[in-house]
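This report concerns the pairing of charged side chains. Please consult the sequence and the structure shown below.

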Amino acid sequence: MSGIHSGSCFCGAVRYRLTSAPMFVHCCHCRDCQKQVGSAFAINAIIERDRIELLSGAPVPHEMRTDSGRPHDIYRCPACLSALWSDYGRRKVMAFVRVATLDEPSALPPDVHIFTRSKIGWVDLSAPAPGATTGRPAGVFEVYYDMTAEWPAESLARRAALLGAGK
Ligand SMILES: [Zn+2]
Ligand SMILES: [Zn+2]
């Protein structure tokens with residue numbers, strides 16, 4: 001990949017760029033994501049928070065209710081309320097960037113499709129495209145997947161450096 005991906009909210013008040021490739025990319029078909037984005041799925045590029053460089057504006061966190069009780073903040077443009085990224089677990093160091101806010105969203109295809117048990121019926125995953133970080137056809141999972149089997153070794157190392165091993 002080119003190494004630099006820029007993006008923005010709908011109104012353009014918040015602009016950002018990713019300073020490296022993400023660790024991994026999810027396409028999530030769970031009901032929570034469907035409700036929150038109002039569409040068939042959410043595409044999330046998982047990246048270190050300090051690899052999101054803000055070029056203008058500052059997104060603000062909105063706390064979302066979760067069934068697990070685990071905190072989930074969605075960072076939104078304060079003006080147009082577009083969702084730019086999620087912080088699952090309120091860890092501050094890792095972000096799930098909404099790939100559709102990138103200027104070139106097709107540059108980061110998902111490495112995995114997850115929670116396909118609730119995917120919208122007409123979404124056809126019979127021939128998934130190669131993922132952004134694995135280069136292999138995206139894995140398709142009814143619920144979740146084994147991270148050590150799916151993530152590139154380099155990405156697992158980045159995640160461990162961020163969160164500590166075993167998390
Ligand atoms: Zn905006
Ligand atoms: Zn989801």
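With which residue does D67 form a salt bridge? The partner of D67 is R65, and the closest N and O atoms of this pair are 3.0 Å apart.

## Basis of the analysis

The model is predicted: local features need pLDDT of at least 70, side-chain atom pairs count only at pLDDT 80 or more, and totals for chains, interfaces and linings use all residues. Residues are numbered from 1 along each chain as its sequence is written, and side-chain values use heavy atoms, with hydrogens and water left out.

## Salt bridges and exposure

Eight salt bridges are present in the structure; the term denotes a side-chain nitrogen of Lys or Arg within 4 Å of a carboxyl oxygen of Asp or Glu. Both D67 and R65 are exposed (over 50% relative accessible area; buried means under 20%, and partly exposed lies in between, with a 1.4 Å probe and protein chains only).

## The pair D73 and R90

A salt bridge joins D73 to R90, with 2.8 Å between the closest N and O atoms. Because D73 belongs to strand 7 (residues 72-76) and R90 to the loop between strand 8 (83-88) and strand 9 (94-98), the pair ties together parts 17 residues apart in sequence. Strands (E, at least two residues) and helices (H or I, at least four) are DSSP runs, numbered from the N terminus.

D73 is buried, at 4% relative accessible area, whereas R90 is partly exposed, at 34% relative accessibility.

R158 and E48 form a salt bridge whose closest N and O atoms are 2.8 Å apart. This pair links distant parts of the chain, with R158 in helix 3 (residues 153-163) and E48 in strand 4 (residues 42-48), 110 residues apart. Both R158 and E48 are buried. A network of salt bridges links E48, R51 and R158.

Notes. Chains are lettered from A and ligands numbered from 1 in the order in which they are written.
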